Amino acid sequence: MRRRMIASAVSGLLFWSCRVGAQTSTSLEQLKPYLQVKPISGEEKIVRVFISPSCQFSRMYGQFFKNLAGTLPQDKRLIYTPLVNRGDGLSYAMAFAAVHRFYPAYLDSFIEASMIASQDKGVSTATWQGLDRIGRAARLPESLPVLVKGNEAQVVRDVELYISLRHNLQVVNTPAVAVAGTYVVTPEFTKGDAALFSQLTNGIISMAR
């Protein structure tokens, strides 16, 4: 029943990818190109990065996010989160949740394998057959379909959290960075200017201390 409820929620979502353009202004105060939402309890020390395996910009900014994770203040941590949508499939969100919870050391490899499979090889992330291939490419110790099935109740709860966070943070495109459960920024806000996006993200992290 809960899986059907989640699927119903997903069916109403649209997936937006970031659009690349130009940006000349570099003043954070002048631009204020970020979204501010009602603070979410429990997210105060989290920098949450929403990604999609089918989004080329999620992949393009991958190294930036890795560098960001390594330079965060000690009291903050970066957490990757899938933007649950019809294109990637509910099954992808469930697989992601399973890897994140039970094999966190393999999450980076799983994300990379997902993007290569989806964008370069045409492998569907919406089918368990495709996800099984992705899991094997990421060298997971066990089959993804088996892992999800064996821990379905917990996985469903995690996916429900993903959907709730997406809704409360008003995230509609990827990649998106949510800081302290209050501020949200995407490369789209800086017209695709990667340097400005980096400056903006780090500025917001400092501002949220």
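Predicted model: local features only at pLDDT ≥ 70, side-chain atom pairs only at ≥ 80, totals over all residues.
# Reading strands, a loop and helices

Visitor: Which strands does S3 pair with, and in which sense?

Guide: Labels first: helices (H or I, at least four residues) and strands (E, at least two) are DSSP runs, numbered from the N terminus. Two strands pair if DSSP finds at least two bridges between them. Here S3 and S4 are parallel, with six bridges, and Arg-48 has Ile-79 of S4 as its bridge partner. S3 and S6 (residues 176–179) run antiparallel, joined by four bridges.

Visitor: Which residues sit on each face of S3, and are they buried or exposed?

Guide: In a regular strand, side chains alternate between the two faces of the sheet. Buried means under 20% relative accessible area, exposed over 50%, and partly exposed in between (1.4 Å probe, protein chains only). One side of S3 carries Ile-46, Arg-48 and Phe-50, the other Val-47, Val-49 and Ile-51, and all are buried. With six of its six residues buried, S3 is largely enclosed by the rest of the structure.

Visitor: What does the side chain of Asn-85 reach?

Guide: A polar contact is a pair of N or O atoms within 3.5 Å; within protein, one must be able to donate a hydrogen and the other to accept it, and residues adjacent in sequence count only if both atoms are side-chain atoms. Asn-85 lies in the loop between S4 and H5, and its side chain reaches the backbone oxygen of Leu-83 at 2.5 Å. A polar atom of that side chain also lies 3.0 Å from the backbone nitrogen of Gly-87. Asn-85 counts as buried, because its relative accessibility is 2%.

Visitor: What span should the 13 residues of H5 have?

Guide: The expected span of a helix is 1.5 Å times one less than its number of residues. For H5 that gives 18 Å, and its end C-alpha atoms are 18 Å apart, so the two agree. Ten of the 13 residues are buried, so H5 is largely enclosed by the rest of the structure; among them are Tyr-92, Met-94 and Phe-96.

Visitor: How many residues does H6 have, and how far does it reach?

Guide: H6 (residues 107–120) has 14 residues and reaches 19 Å from first C-alpha to last, close to the 20 Å expected. Its buried residues include Leu-107, Phe-110 and Met-115. Just after H6, Gly-122 takes a positive phi of about 70°.

Terms used:
Residues numbered from 1 in each chain as written. Heavy atoms only, no water.
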